[in-house]
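Trainee: Could you take me through one part of this model in detail? I would like a close look at the aromatic pairs and at the strands and helices around them.

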Amino acid sequence: MSEWERVRLDEVVALDVEAVPVETTASYDIAGVLNRGRGLLYRDPLPGSETSYKTLNLIRPDQIVYSRLKAFEGAITVAPSDLPQVYASQEFPTFTCGQRLLPSYFRLLTTTKGLWDDLQNLSTGMGGRRERVKPADFLTIRIPLPSVSEQNRIVDVMAAVDAEIEAFSAERKALGGLRKAILGDLQTIAATSPQTTLGDFIESRGGSIKTGPFGTALKAAEYSPDGVPVISTGEVRHGFIRVNEKTPRVGATTLARLPQYTLAHGDIVFARKGAVDRSAWVKSAEAGYFLGSDGLRVRTGTDVDEARFIAYLLQTDLILTWLSDHATGTIMKGLNQKILAAIPLGFPAGDVRRNVVSQLDSLDEHAGSMELELAHLRTFRYALLTSLLNQEIEVPESYNALLEGVS
């Protein structure tokens, strides 16, 4: 295995900006750059009469483009080969790859933490005071450069993985669309059913933690990996609770002192402020978790199946709009137990409720499995690309002959 060169970008890349004069009678399709190498962000067309820019930068197919201001966030990518005519402000310099560097290979590099770190190191300062990354400084970055044929092989292998991720992502998006349609049907059913309020089902309110070590100042010593997760607004999503390695945990010894604040299977959890459209149903696996001070809990006096149906009702557009309209505050919307108790609910017959819950439970279970598979695929992609770029794994030249044989 031959050792790759590490070259400065100015050896294989050239600054290539095409500034186009803005005409007041024309309209321009505008693009930005997403962070962490996630590609271009396509914005609404900009009429020339509505901008003070005298010129806009034309982004051409296969060009490298980054945000001078947001480079420290990894806002860099390579434009697609089939890119239509799009423009950006002067804050987005463009570069053209030379013969020794494939745009598709550099596109892979833009998804790596190593390149993001290089860009961050070139962006001095903090927050809004960060310096812009100048093109001349960008071109001093060094990258690993295999031969063009090996770049091609790496690109091809990674393209297969990316295609799999894209297929899973498309299927996951389709499941989201189906779920939205079922919730729309549920909203229609609820509108023609006997009317009640969430307060009619509430058995126990509260669950917020205001004092002691469970407020905003949890002690570092109590963030035990074997402890119980403390659920906050960040973990409450649309319909489910997501716990990860960043979720704070508290030791079981301390937890035992306040058992009345643990969550139970069938509880419904809301964000107290900010994301008032978020609520989650507590699954059996999450029973015993703690609820943080920025959350609200509703415990119904019904059985778990009815509570599950109510949790789905709370995710319909009609109720989400109602929550937004009735939340308190102007700068940051907030909820309280009185507002939650007044939420209007349409409650159909038992067989209808069970059918809706069965459909949505099955859909959510499938979506959850796909989320897990997607997470595994992304982890695999990261590990594979890292190993390829570190030359821990080599795509042999025989791979070229294999491709020729099946093409």
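Mentor: Happy to. Let us begin with the rule for a pair: rings of Phe, Tyr and Trp (its six-membered ring) pair if their centres lie within 6.5 Å, and planes under 30 degrees apart count as stacked, over 60 as edge-to-face and the rest as tilted. By that rule the count comes to six aromatic pairs. Please keep in mind that this is a predicted model.

Take Tyr28 and Tyr87 to start with. Their ring centres are 5.2 Å apart and their planes stand at 90 degrees, so this pair is edge-to-face. Tyr28 lies in strand 4 (residues 27-28) and Tyr87 in strand 11, so the pair ties together parts that are 59 residues apart in sequence.

Next comes a pair with another geometry. Tyr66 and Phe138 form an aromatic pair that is tilted, with 4.8 Å from centre to centre and 40 degrees between the planes. Tyr66 belongs to strand 9 (residues 64-66) and Phe138 to helix 3 (residues 135-138), so here the pair ties together parts that are 72 residues apart in sequence. Both Tyr66 and Phe138 are buried.

Strand 3 and strand 8 (residues 55-59) run antiparallel and are joined by four bridges. If you want a spot to look for on screen, find Ala19, which stands opposite Asn57 in strand 8.

Strand 9, which holds Tyr66, sits in an open sheet of four strands in the order 2-12-9-10, where the pairing is antiparallel. The edge strands there are strand 2 (13-15) and strand 10 (76-78), each pairing on one side only. The twist averages 25 degrees from one strand to the next. Three bridges join strand 2 to strand 12 (residues 94-97), and these two run antiparallel. Val13 stands opposite Cys97 in strand 12.

The axes of helix 4 (residues 148-191) and helix 9 (residues 350-389) come within 10 Å and cross at roughly 160 degrees. That angle makes helix 4 roughly antiparallel to helix 9, since angles over 145 degrees count that way. The crossing of helix 4 past helix 9 is left-handed. In their contact, the residues divide into 24 nonpolar, three polar and ten charged.

One last stop takes you back to the start of the chain. Glu3 lies in the segment before strand 1 (5-8), and at 70% relative accessibility Glu3 counts as exposed. The C-alpha atoms of Glu3 and Gln391 are separated by 8.3 Å, although these residues are 388 residues apart along the chain.

Technical notes:
Residues numbered from 1 in each chain as written. Predicted model: local features only at pLDDT ≥ 70, side-chain atom pairs only at ≥ 80, totals over all residues. Heavy atoms only, no water. Pairing = 2+ DSSP bridges. Buried < 20%, exposed > 50% of the residue type's maximum accessible area, 1.4 Å probe, protein only. Axes fitted to C-alpha atoms, helices over the stretch in contact; angles between N-to-C directions. Parallel < 35°, antiparallel > 145°, perpendicular 65-115°, else oblique. Left-handed = near helix turned anticlockwise from the far one by under 90°. Nonpolar A, V, L, I, M, F, W, Y, C, P; charged D, E, K, R; others polar.
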